[in-house]
Structures are given as C-alpha cells and as structure tokens.
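Here are my notes for when you next have the model open.

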Amino acid sequence: MTSPVLIWHRRDLRLEDNTALHEAAQRSSQVVPVFVFDPQVLQRADMAPARVAFLLQALQELQERYAQMGIPLLWRRGDPAVELRNLATELGAEAVFWNEDVDPFARQQESRVRAGLAEAGILSFSYQDMLLHGPGEVLTQGKEPYSVFTPFWRRWSSLPKPDPFPIPKGLQPVSSLKAQPLPTLADLGFVCEQRIPAAGERAAQALLEDFCQGLRILDYERARNFPAEQGTSLLSPHLCWGTIGIRQVWQATREVEAEVRSEEAESSLQTWRQELCWREFYKHVLAHWPHVESGAYRRAFDALEWDNRQDWFQAWCAGETGYPIVDAAMRQLNETGWMHNRCRMIVASFLTKDLLIDWRWGERYFMQKLVDGDLAANNGGWQWSAGVGTDPRPLRIFNPATQAARYDPEGEYIRRYLPELAGLDTPALLWVGEDPKGSWALQERRRCGYPDPIVDHKVQQQEFKRRYQAVQQGRSQPAQGRLSTLS
C-alpha cells in the first residue's frame with residue numbers, strides 16, 4: 001500500500017473540480033484532508049464573522065461528503081507551517097498537496113509551509129486552481145502583465161479554458177484516523193448577527209444550476225443593474241471559499257451557449273463571462289502589484305486629500321446619510337453580509353467622492369461585513385470607485401439620486417431596507433433636487449424620522465474634482481496616518 005498524502009484545504013472547500021485533490025489521488029489512494037484554522041488570519045481586523053460562519057458551514061458539508069467516502073476530514077488550529085509538518089510526520093505522509101492563493105499573506109504562508117516540509121524531508125505540491133488562467137498566463141506580446149481590463153479580457157477570452165476535474169474514486173481511509181467535531185463560531189471567538197446564505201458545495205451547484213439552466217443568465221446584462229430583482233448568480237461567496245470550482249462554472253456557460261437565440265441573450269452571456277474575467281483581472285493585479293493591498297495602484301494618488309470625518313463615516317456605516325439608495329445598500333450589507341454590485345459602486349462613490357473619506361476605510365468596512373469578502377475583488381472595486389486604480393477613465397462620480405431613479409425606479413429596493421420610508425410616495429422617495437433643505441420630499445422624509453442629507457452632492461463633487469486634479473497636477477503632498485483613526 002502506498003504512503004498517505006495530505007491535502008491541505010484552504011479556499012477550495014469542495015470535492016468536485018479540485019486540482020490538488022485530483023493530483024493527490026494520482027499519487028496515493030490514502031488521501032488525508034485537513035483544514036488549518038490560522039489565528040493570524042482569524043484575528044485580522046478585517047475578518048468578517050459572516051465569512052467565518054460561512055466557512056464553518058462549508059467545512060461541515062465537506063466533512064460529511066468525505067465521510068460518505070469513509071474518509072475523515074481533520075482540522076488543526078495554529079500556524080499551518082507547524083501543524084502540517086507535525087501531522088505529516090505523525091502519519092508518515094510523504095507529501096502535502098494544496099491549491100495556491102494570490103493574496104500576499106497567503107503566498108508568504110505557502111513559502112513557510114513549503115520550507116518547513118522540505119526541512120522534514122516531506123514533498124510539497126501546489127497548483128493554480130482558483131482561476132481559469134493564473135498570474136503569468138495572461139501577458140502582453142512583450143510578456144508583461146496587463147494593467148487595463150479591456151486588453152486583458154481580449155487576451156484572456158482567447159485562451160482555451162481547462163475542463164473541470166471529477167471527484168476521485170477509489171480513495172482509502174487511513175485506519176487510525178477519525179473525524180473530529182468542527183469548532184463552533186464561538187470557539188473561534190466570533191458572533192455573527194447577519195443572515196448568511198446556505199454554504200457548501202451542494203448549495204453552490206444549486207445556485208449555478210438555477211442561474212444557468214434556468215436561463216436567468218440570458219437576461220443578466222439588463223437584470224444585473226436592478227437591485228430589487230434577482231438578476232445575479234449569488235455565487236460570489238462560493239467562489240470566495242471555493243465551494244464551487246471555476247472550471248465547473250465556465251463549463252456551465254458553455255452549455256448555455258446552445259440556448260442562445262438572440263443578440264441580447266448572447267450579449268448577456270458574454271457580460272457574465274466578463275464578470276468572471278474581472279474577478280481574474282483583479283487577482284492578477286494583486287499578484288503582480290502587491291502594493292495595491294495597502295495603497296493606490298497609481299501611487300501618486302496616495303497623496304489625495306481626504307477629510308476622514310468620523311461622524312460622516314459612522315453615518316455611512318449605519319445607513320443614516322440621508323440618501324435613501326446609499327442607506328438601503330448599507331443596511332443590506334449590515335443585515336445580510338452581502339450587497340448588490342450596482343449598490344457597491346454607488347456607496348463607494350458616495351463615501352469617497354461625496355464624503356471625501358479615504359477609500360481604504362470603506363474597503364476595510366466591507367471586509368469586516370461581507371460574506372464574499374475577497375481581498376483582490378474588494379480592493380479592485382474600491383480603487384475603481386475612488387478613481388485611484390487601474391481604470392483608464394478614472395474620474396467617474398455617481399449621483400446617488402439619479403442612480404436610484406434609474407435602477408430602483410419604483411423604490412422597491414429602498415423600501416425593503418428602509419421600512420421607515422415604505423409608506424412614502426415614490427416621488428418623495430426618489431426625489432432629485434438642487435436644494436435639499438427646501439424640498440417638500442425632505443419634509444415627508446423627516447416626518448418618517450429619516451435624517452436629512454449630511455452633504456450636498458453638487459458641492460462635494462466639485463470639491464473632490466478639485467482635489468483629484470491637484471494630484472494630477474502634482475500639487476498634493478502625501479498624507480500620513482490616514483487609517484490611524486479607523487478601528
């Protein structure tokens with residue numbers, strides 16, 4: 001009988017379409033799966049309780065699915081470099097397999113794990129599994145990484161896409177091992193008050209089937225912009241934790257192609273594929289330019305002047321800015337751990353360009369709340385919204401009132417998350433005007449106990465433009481300690 005091998009599960013909490021599991025099974029019939037709860041990750045200031053709760057649910061299902069194969073899923077708590085080396089030594093495992101990540105901390109972690117295993121004479125094998133095309137696979141003719149999405153998309157979409165891996169067969173358990181009850185959320189030091197979605201591989205596959213086989217994907221280009229509709233796939237937390245494989249997701253889009261009957265449907269399918277590509281683009285940006293984790297992609301914009309008013313920031317966090325579409329979106333985030341993508345852009349533009357608050361404050365708050373919080377995607381989205389990232393046309397400013405009128409024209413989404421305003425007529429709910437202090441709509445909102453707008457959009461956008469242009473013209477000085485007041 002061959003020696004056992006370990007598979008170190010990380011953000012790949014599934015059996016199907018798992019590269020490391022597939023490769024481990026090629027080497028040994030005795031595969032020992034293990035997850036390591038790393039205190040350095042769990043204790044980060046931006047770790048959302050919702051993500052940990054989702055993780056535990058996904059691990060519970062993964063443990064059950066392994067159990068159906070007669071294999072126990074083990075877990076440890078500590079430094080993976082220590083825990084994996086100790087476990088491999090204890091079991092006489094000849095190798096450890098895992099799927100790679102692109103986050104800077106994760107890459108450092110992998111290096112330490114690999115070095116520790118090598119010192120003990122244990123082999124290590126790691127694989128690009130998170131993306132259809134990993135960093136280094138999508139390059140310009142000059143072999144340089146892309147910094148602009150559109151040419152990245154053209155090159156990325158031209159490359160052949162890999163097929164998903166099946167669940168390995170014929171695996172045998174190590175007889176001395178038994179499954180351990182997973183820790184609870186409280187055991188890990190968290191309390192989650194948000195309503196998180198169902199986690200696990202089965203839930204992810206059901207969502208993919210509903211979106212693709214139900215052909216909602218063919219109306220995606222239109223429906224994705226309206227937060228009151230169920231127009232998106234809701235797969236983002238599953239892609240974040242890898243409860244579904246990206247190759248399986250892409251394969252589903254291939255099957256949908258046969259159902260395309262119109263230019264609109266074809267455009268919708270292509271638009272959703274572009275969203276998958278955006279996810280990969282931001283992963284590549286983070287991998288190639290890791291400084292974006294803490295600063296602007298365009299370094300000059302680290303000098304952008306921010307007001308960073310704590311009272312305004314707290315009003316934004318609580319959904320009490322006096323702008324209904326912004327407040328509804330923030331309350332959705334606080335209640336559910338998720339926010340519609342159109343609304344993510346609206347609230348990010350409002351924080352940075354209306355409230356003049358450092359984009360990193362919003363980025364961190366999102367990571368503290370989002371069940372689908374992913375460093376690369378969240379960072380890329382916030383830099384795009386703040387106008388400091390890779391976007392070649394960066395100075396976009398969203399007017400929250402006109403965004404609401406366009407994408408929530410009946411006020412259905414606003415009423416859902418701002419119940420105090422549910423009884424207002426739609427014109428009062430969506431009112432747009434230049435003088436909010438004298439608005440009849442404002443009087444209607446006040447009677448509902450709703451706050452006045454904390455800023456004047458027209459005034460603030462002009463001020464942001466002035467500061468932005470100061471950076472472009474080299475008239476701003478880098479500010480120090482911009483994040484020091486954010487807990």
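1. How many residues has α5, and how far does α5 reach from its first C-alpha to its last? The helix has 16 residues and reaches 23 Å, close to the 22 Å expected at 1.5 Å a residue; the expected span is 1.5 Å times one less than the number of residues. Helices here are DSSP runs of H or I with at least four residues, strands are E runs of at least two, and both are numbered from the N terminus.

2. A word on the source: this is a predicted model, in which local features need pLDDT of at least 70 and side-chain atom pairs count only at pLDDT 80 or more, while totals for chains, interfaces and linings use all residues. Residues are numbered from 1 along each chain as its sequence is written, and side-chain values use heavy atoms, with hydrogens and water left out.

3. Please look at how α5 (residues 104-119) packs with α4 (residues 80-91): the angle is about 35° and the axes are 8 Å apart. Axes are lines fitted to C-alpha atoms, for helices over the stretch in contact, and angles run from 0 to 180 degrees between N-to-C directions. The crossing is right-handed, meaning that the near helix is turned clockwise from the far one by less than a right angle.

4. On the α4 side of this packing you will find P80, A81, L84 and R85, which meet Q109, R112, V113, G116, L117 and E119 of α5; contact means heavy atoms within 4.5 Å. The residues of this contact divide into five nonpolar, two polar and three charged. In that count Ala, Val, Leu, Ile, Met, Phe, Trp, Tyr, Cys and Pro are nonpolar, Asp, Glu, Lys and Arg are charged, and the others, Gly among them, are polar.

5. Which residues of α5 are buried? They are P104, A106, Q109, E110, V113, G116 and L117, where buried means under 20% relative accessible area, exposed over 50%, and partly exposed in between (1.4 Å probe, protein chains only). Their cover includes β1 (5-9), α4, β4 (95-99), β5 (123-127), α11 (263-288) and α16 (375-386). Just after α5, G121 takes a positive phi of about 75°.

6. Why is R10 classed as buried? Because its relative accessibility is 9%. The R10 side chain reaches the backbone oxygen of N99 at 3.0 Å, a polar contact, that is, a pair of N or O atoms within 3.5 Å, one able to donate a hydrogen and the other to accept it, with residues adjacent in sequence counted only if both atoms are side-chain atoms.

7. Do stay with R10 a moment: residues it touches, beyond four places in sequence, include F35, W241 and E110. E110 counts as buried because its relative accessible area is 5%.

8. Two backbone angles deserve a glance. K143, in the loop between β5 and α6 (149-158), has a positive phi near 65° and counts as exposed at 64% relative accessibility. L215 also has a positive phi near 65°; this residue lies between α7 (201-212) and α8 (220-223) and is partly exposed at 33%.
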